[in-house]
Amino acid sequence: MMGLLLGGLYAVIGLGLSLVFGVMKLVNLAHGDLAVFSSYFAYVAMSSLGIDPVASLVLGIPILFAIGFAIQGLLMNRVFRLGMEPPLLIAFGISIILQNIYLALWTPLSRGLTTGYALESYRIGEFYIPLVYLLDFVAALLVMLFLREFLRKTYLGRAIRAASQDWRAAQLMGINTNRIYALTFGISMMFAAIAGVFVGLTFPFTPSSGSAYLIIAFGVVIIGGLGSILGTFIGGVVLGVAQILSGAYFGAGWQLFLGYVIILAILTARPQGIFGRR
Amino acid sequence: MSEEWTLNVDHIDVYYGAFHALWDLSLEVRKGEIVSLIGANGSGKTTALNTIMGLVHPTKGSIEFSGKRIDGLATYDIVTLGISQVPEGRRIFPDLTVLENLIIGSYTGRARVSKDQMLKRVYSLFPVLEERENQLGGTLSGGEQQMLAIGRALMSNPELILFDEISLGLAPIIVDRLYRTVEQINSEGVTVLFVEQNVRRSLKQAKRAYILKAGRVVLGGNAEDLREEEEVKKAYFGV
């Protein structure tokens, strides 16, 4: 049960990564660190201004969107058609820069978004469910629903899908593909912002947490497959459940073990993921 | 845009890297015409269309559409001005449904307002597309995909459509039907510039034509006059 809820959170972490890779074939190694940006942003909002982390998203989302738009628009758009390596290097560079900025500003001490409700639990039958897990799950569902409707029903959403299938033909439709790609990256960052806040509410974070979340994002995408929102959700749930079970059976230090085993299994047996397309 | 306009390609040179693809090429298309580009494989027909469309840029010369320079513009801006292309190989979006493929054709501002109207028009020209509305583009047959590509180009409500080799890989009877539809589209006010491998069909469907050879225009004129020309007779035999 907890695994299911946790899975929702993991799905959101993976969603942004999946979107960028699905549309631009670009692996955003800085995804986790950009999500942590949102965690720190909320932390500052909370500790100096007393603003609730979820409320801080009102500013956090647009800021991260702008950052994402700029990264794709100014940096990635110039190089991402040259192959996989240049964008990888750029993303890696961004990741290192961010981690060091966090280190400089906030020290290696772990922080948490400890609001009042972050510590509450509900009792359902035999289980104690932390309230944040429920919030995480609801947020995840809303985010995924939003993305699905956006991609299906709006011109921009369809333009993104078209540009990911054939960018030349998309241009023939009058679509400014470079701008669409920048928009996609921006949207991916919006999801990272949301993930960052909810992760910060659920777990403590440090400047290097970005790497851990990047790995989770990868796991989610590998298991669930690319190009499918449902797949990302399932991937998140599988990983979430695996983590809880692993911790329960093997001990707290082994939490991630089962998850990694599953990832390896999927890579061997069905590399495109459960719901993967290409 | 219901006044007269011309598409003026003026002495352009086009290179693909080091390869000199088009040499001092000029051609003209007037509103309402059906014009074709004829030539063997590699003669530069597709390059000419792609240059008009902004997919490649000329290093010399200019292209004007209705008095406005378009040769430096990006493809998506050229589409907004009213020129649309049915590309070689169709290039429909395989993971979008037929309906979604058509709708994305009306992405530009000028087209969105008339989307429903355009859709009705496309469906009346190609009823099979309406039948297969919710099927993924990639599951259609070759002929149906070609219809979808043409329909999609129509959705942007263009003044001029560039057709690039629509007969490729299709049975003659289907090609006949397609060209009849092209004629109908033209009679409804859309100007047509097309590239076609089959010389006979080219001269049958076009009012005027240009003959290309190794990236240059060697002859241009009315289709009926051209039928008698030596160059054209050579082209019949692929010489």
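How many bridges join strand β1 of chain B to strand β4 of chain B, and do these strands run parallel or antiparallel? Five bridges join β1 (residues 6-16) to β4 (residues 60-65), and the two run antiparallel. What you're looking at is a predicted model, in which local features need pLDDT of at least 70 and side-chain atom pairs count only at pLDDT 80 or more, while totals for chains, interfaces and linings use all residues. Residues are numbered from 1 along each chain as its sequence is written, and chains are lettered from A and ligands numbered from 1 in the order in which they are written.

**Chain A overall**

- Chain A has 11 helices and two strands; helices here are DSSP runs of H or I with at least four residues, strands are runs of E with at least two, and both are numbered from the N terminus.
- Walk along the sequence and you get α-α-α-α-β-β-α-α-α-α-α-α-α.
- The radius of gyration of chain A, taken over C-alpha atoms, is 18 Å, close to the 19 Å that the globule rule gives for 278 residues, so chain A is as compact as a globular protein of that length. That rule is 2.2 Å times the number of residues to the power 0.38.
- The C-alpha trace of chain A spans about 60 × 45 × 35 Å along its principal axes.
- Buried residues make up 51% of the 278 in chain A; buried means that 20 or more other C-beta atoms, placed from the backbone, lie within 10 Å of the residue's own.

**A helix pair in chain A**

- Helices α3 (residues 53-79) and α8 (residues 177-202) of chain A pack at an angle of about 145°, their axes 7 Å apart. Axes are lines fitted to C-alpha atoms, for helices over the stretch in contact, and angles run from 0 to 180 degrees between N-to-C directions.
- By class, the contact of α3(A) with α8(A) has 20 nonpolar, nine polar and no charged residues. Nonpolar covers Ala, Val, Leu, Ile, Met, Phe, Trp, Tyr, Cys and Pro; charged covers Asp, Glu, Lys and Arg; the others, Gly among them, are polar.

**The two sheets of chain B**

- One open sheet has four strands in the order β2-β1-β4-β5, with antiparallel pairing; strands pair if DSSP finds at least two bridges between them.
- Its edge strands are β2 (19-30) and β5 (68-69), each pairing on one side only.
- Strands β7 (residues 160-164) and β8 (residues 191-195) of chain B run parallel and are joined by five bridges; B:L160 has B:T191 as its partner in β8(B).

**Where the chains meet**

- 18 residues of chain B are in contact with 15 residues of chain A; contact means C-beta atoms, placed from the backbone, within 7 Å.
- On the chain B side, α2 (75-81) and α3 (98-105) are the elements that give two or more residues.
- Six of the eight residues of α3(B) are buried, so this helix is largely enclosed by the rest of the structure.
- Its cover includes α6 (155-165) of chain A, together with α5, α6 and α7 of chain B.

Conventions
Two residues are in contact if their C-beta atoms, placed from the backbone, lie within 7 Å. A residue is buried if 20 or more other C-beta atoms lie within 10 Å of its own, exposed if 12 or fewer, and partly exposed in between; C-beta atoms are placed from the backbone.
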